[in-house]
Amino acid sequence: AFYYTEPSRTFSEFLLLPNLTTKDCTPANVTLRTPITKFKKGEEAAISLNIPFSSAVMQSVSDDGMAVALARCGGISFIFGSQTTANQAAMVRKVKGYKAGFVVSRSNLTPDNTLKDVLALKEQTGHSTVAVTDDGTANGRLLGIVTSRDYRMSRDAMDKKVSDFMTPFSKLIYGNSGITLSEANDLIWEHKLNCLPIVDADQNLEYLVFRKDYEAHKEYPYELLDGNKSYLVGAGINTKDYKERVPALVEAGVDVLVIDSSDGYSEWQSETVQYVKANFDVKIGAGNVVDREGFLYLVEAGADFIKVGIGGGSICITREQKGIGRGQASALIEVAAARDEYFEKTGVYVPICSDGGIVHDYHITLALAMGADFVMMGRYFARFDESPTRKLKVGSNFVKEFWGEGSNRARNWQRYDTGGKSGLLFEEGVDSYVPYAGSLRENLDKTIGKIKSTLCNCGAKSIEELQRTARITLVSATSLVEGGAHDVILKESSLSED
Ligand code: MZP
């Protein structure tokens, strides 16, 4: 056997050292835009994200609802593959068909429609935008748009939001007002509306983006600024039924695929990548790997990005069951070095995704500093309203369900298949709860705020700069204790904070 002399390390064993922060290095000047598919030196990646976040290929994390919510924030979901091809393709189609800020045609409603009718129509069509006019008729002047930020917003919450907005207006309608850009500008001026008009190709107003939203969304062009552009969406595939699954996903409009496997260093993965590359014009990531050899093998097969990590997932018991895996930081550091070496040699940059094991927000920044281009998370996203699982009350706390793909509940045997007969012989994941944490947007804003602030401490204004200039130190077990609150008696309020 070959013995590694260094122990396998994970994120909590490292810290970042600050670099000089120049005056222009402020969170507002930090960009987290990142490539997720391979590109040649001097060229742009075909697919980039505005935030380096992807949600895990898991039943309990990534359905179409999560995909819309995360795409709106500038990240991407990989819709779970442990379901029938038809169901998965339908989810992809739903995400691609979902147009941001779509306004229902006024022919659907008459001036006599009530708020109830409007909400019923909204429910029927699945659209999340309500238009407000000054006199409540289809011919009335458009005063604004209420956009449900939350794809899964309840009827009650939507009602409340609409009524808040309506004050002091008496009635509202859906409707493309049919007014032109110059009329819209007059309206905006007249009513002192702080918003941006979005027009169609004929310069007719499609909808208004309020400045408040615009500020919050300016990093997220997929949602608001690109016109008819649809949301980015990914999907997980396996090495068993890809000849049937991939055509259906491509037909549904998927932007990028990923082979979902606990161990990607296999001939099956190589064959799958080659088949997809030879037959379709779609991007495909492969993995998971934890070393240089695995990385190079899948890159040679043609993969567009590589996913790193075995056994570090919060619900994963692969290391206990089979004794394979590697500390996430060690895996990432080695694969990132291989990626940089490959770039140096060939001029082709292959992005890497750090998958699993993110426990604290700062782990994301460390992963990026260690060379990841983006991260994939399960537990993180499972806690939010937008994840597809049930919210329950356990004791006095709210929780959300969260189960691994290798658990008996998911029975995703294809993910763990090593060529034998179908079926899950033993579990590699658990069925669990995670603390309920509220809405995706609120939590993401906080996490992104922390990451940007840390980049400023490190004197970096982009992920690429952070990767190049970060200084990272190992911490001793004793200094880990020093890192938390210590030698004080905590008050209740601070004890309950995250
Ligand atoms: P985490 O963000 O919850 O720590 O980890 C999520 C990752 O764990 C997934 O993206 C996937 O790679 C991995 N995973 C999913 N199911 C299992 C399992 O049942 C698993 N063992 O390890």
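**Legends to close-up views of the predicted model**

**View 1.** Gly-311 is found in the loop between E14 and H11. Helices (DSSP runs of H or I, at least four residues) and strands (DSSP runs of E, at least two) are numbered from the N terminus. This is a predicted model, in which local features need pLDDT of at least 70 and side-chain atom pairs count only at pLDDT 80 or more, while totals for chains, interfaces and linings use all residues. Residues are numbered from 1 along each chain as its sequence is written. Gly-313 and Cys-316 also lie in this loop, which runs between strand E14 (305–308) and helix H11 (318–322). According to the unreviewed UniProt entry, the "binding site" annotation covers Gly-311, Gly-313 and Cys-316. UniProt positions are given in the numbering used here, with feature names shortened, and annotations may be inferred rather than shown by experiment.

A residue counts as buried if 20 or more other C-beta atoms lie within 10 Å of its own, as exposed if 12 or fewer do, and as partly exposed in between, with C-beta atoms placed from the backbone. Gly-311 is buried because 26 other C-beta atoms lie within 10 Å. Gly-313 is buried as well, with 29 other C-beta atoms within 10 Å. Two residues are in contact if their C-beta atoms, placed from the backbone, lie within 7 Å. Leaving aside neighbours within four places in sequence, Gly-311 is in contact with Cys-316, Thr-318, Arg-319, Ile-324 and Gly-325. With such neighbours again left out, the contacts of Gly-313 are Gly-356, Gly-357, Gly-378 and Gly-404.

**View 2.** Cys-316 is buried, since it has 24 other C-beta atoms within 10 Å. Not counting residues up to four places away in sequence, Cys-316 touches Gly-311, Gly-356, Gly-404, Glu-428 and Gly-429. Arg-415 sits in helix H15 (residues 413–416). Arg-415 is buried because 26 other C-beta atoms lie within 10 Å. Under the rule of excluding residues up to four places away in sequence, Arg-415 touches Asn-238, Asp-260, Ser-261, Ser-262, Glu-405 and Gly-406.

**View 3.** The shell around the ligand comprises 22 residues, of which Gly-313, Gly-378, Gly-404, Gly-406 and Gly-429 come nearest. A residue is near a molecule or strand if its C-beta atom, placed from the backbone, lies within 6 Å of it. Strand E17 (374–377) and helix H14 (379–382) each supply at least two residues of this shell. The shell divides into 8 nonpolar, 10 polar and 4 charged residues. Ala, Val, Leu, Ile, Met, Phe, Trp, Tyr, Cys and Pro count as nonpolar, Asp, Glu, Lys and Arg as charged, and the others, Gly among them, as polar.

**View 4.** 8 strands close into a barrel with parallel pairing, in the order E5-E6-E11-E12-E13-E14-E16-E17. The twist averages 25 degrees from one strand to the next. Two strands pair if DSSP finds at least two bridges between them. Parallel strands E5 (residues 53–55) and E6 (residues 76–79) are joined by 2 bridges. Ser-55 has Ser-77 in E6 as its bridge partner. Helix H8 (residues 242–252) lies across strand E11 (234–237) and strand E12 (256–259), running at about 170 degrees to E11. H9 lies across E12 and E13 and runs at about 170 degrees to E13. Axes are lines fitted to C-alpha atoms, for helices over the stretch in contact, and angles run from 0 to 180 degrees between N-to-C directions.

**View 5.** In helix H10 (residues 292–301), Gly-294, Phe-295, Tyr-297, Leu-298 and Val-299 are buried. The buried residues of H10 pack against helix H9 (267–279), strand E13 (283–289), E14 and helix H12 (328–346). Just after H10, Gly-302 takes a positive phi of about 115 degrees.

**View 6.** An open sheet of 3 strands has antiparallel pairing and the order E18-E19-E20. Strand E18 (391–394) and strand E20 (431–435) are its edge strands, each pairing on one side only. On average, neighbouring strands of this sheet are turned by 45 degrees against each other, direction ignored. E18 and strand E19 (residues 397–403) are linked in the antiparallel sense over 4 bridges, and Leu-392 stands opposite Val-399 in E19.
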